[in-house]
Amino acid sequence: MNISIQPGYAHFEYRPWHAVAAALFIGLLAYTSAPAAQSLPKVAKLTPVATQQKAASTQVAAAPMTAQPDTAAAQPAADYRVETLGPGDMVRVSVFRNPDLTTEARVSERGTIVFPLIGEVPLTGLSPTQAGARISDKLKQGKYVVNPEVTVSLMQANSRQVSVLGNVNKPGRYPLDAATGKLTDLLALAGGIAPTGSDQVTIVSTRDGKTTKTEVDLPGMIRAGDLARNVEVNAGDTIFVNRAPMVYIYGEVQKAGAYRVEPHMTVMQALAMGGGLTTRGTERGIKIHRRSGEQVSRLDAKLTDTVQNEDVIYVRESLF
């Protein structure tokens, strides 16, 4: 197909096999003759990255500087217990990339352990981190290990122990660490308070040669939600759980014996704990033997009377 273009019009010499080419050419003329504003899409204006960074830095420099509070410094330091090593503690010492130097040892009564290559090392009063630094220094000074990385971990804390005695399920001595620093923690380790144990727990502490005694009412603490009463226990303290107040029932009752006195317990409630009266028992003439100092008085009891610790309730046999 031969094409000649003159001003104002275009002349085509048509040939059959050029039909497709002619259609494409006509479309091209229509596209080029359209206004530029309608044919071209809008393009967003781009700003160089360096220019944006410069403008941003200028705005930051122009903005007034306001001192921000140091939140890390404003918050109080976390309350935690620092573990220090002492005689009887079991420790594990490992040196990075030197597995042959791994040692498990017990701190002696002199407060030392024996470590390979460097011999006896005093560790009493040091934290595990400080103990690792001391062993590392000695290995470096002796030129046994180049830049040693020593880790000391406390396997068993035998030097920091608390005695839990009295009416608990598992009395004994228990180690004190960062996870077991409260009264309830030690009672849990001892298996909890036994059924015969009192709600009042006594803590005996010795500080600077002075012995102090603290009474804690566990149910009252739980009911009030006052965790401030859950006192912190220190090494060497003694926790003692007293025996619960008891009442003794005998005579014409189903199950004579000793029973725990609950707060504001009445004679009727105490007899109910003993299974109630037998068919031969009578509610008339119930006697209470109550101790007051060295004397024991015998009282006529009513079912609504309140029982006290160490009371002895006697139910006599009906005569009719």
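**Figure 1. Lining of the largest pocket in the predicted model.** Both β10 (197-207) and α7 (218-224) supply at least two residues of the lining of the largest pocket, in a model that is predicted. The largest share of this lining, 3 residues, comes from β10. The residues that line the pocket are Ser-198, Asp-199, Gln-200, Asp-217, Pro-219, Arg-223, Pro-245, Arg-260, Val-261, Glu-262 and Pro-263, and by class they divide into 4 nonpolar, 2 polar and 5 charged residues. The volume of this pocket is about 200 Å³.

**Figure 2. The largest nonpolar core and its second, separate counterpart.** The largest nonpolar core is made up of 19 residues, and those with the most contacts inside it are Val-93, Ile-113, Phe-115, Ile-135 and Val-152. Two or more residues of this core are given by each of the elements β3 (90-95), β4 (98-106), β5 (112-115), α5 (128-141) and β7 (150-156).

**Figure 3. Surroundings of Phe-115.** Phe-115 is one of the residues with the most contacts inside the largest nonpolar core. When its neighbours within four places in sequence are left aside, Phe-115 is in contact with Val-93, Val-95, Leu-101, Thr-103, Val-121, Ile-135 and Leu-139.

**Figure 4. Val-267 in helix α8.** Val-267 is found in helix α8, which covers residues 267-273, and this residue counts as buried because its relative accessibility is 0%, where the cut-off for buried is under 20%. Once neighbours within four places in sequence are left aside, the residues in contact with Val-267 are Ile-286, Ile-288, Ala-301, Lys-302, Leu-303, Asp-305, Val-307 and Ile-313. For one of these, Lys-302, which lies 35 residues from Val-267 along the chain, the separation between the two C-alpha atoms is 7.0 Å.

Figure 5. Across the chain the pLDDT averages 80, and 73% of the residues score at least 70. Over residues 1-5, however, the pLDDT stays under 50, and the model has 16 contacts beyond four places in sequence for this stretch. The pLDDT is also below 50 over residues 8-12, a stretch that has 8 contacts in the model beyond near neighbours in sequence.

Methods
Residues numbered from 1 in each chain as written. Predicted model: local features only at pLDDT ≥ 70, side-chain atom pairs only at ≥ 80, totals over all residues. Heavy atoms only, no water. Core = buried A, V, L, I, M, F, W, Y, C linked by side-chain atoms within 4.5 Å. Buried < 20%, exposed > 50% of the residue type's maximum accessible area, 1.4 Å probe, protein only. Helix = DSSP H or I, 4+ residues; strand = E, 2+ residues; numbered from the N terminus. Contact = heavy atoms within 4.5 Å. pLDDT = per-residue confidence, 0-100. 1 Å grid on protein atoms, 1.4 Å probe; cavity = no way out; pocket = protein on both sides within 12 Å on 5 of 7 lines; lining within 4 Å. Points joined across faces, edges and corners; volume = space filled by probe spheres on them. Nonpolar A, V, L, I, M, F, W, Y, C, P; charged D, E, K, R; others polar.
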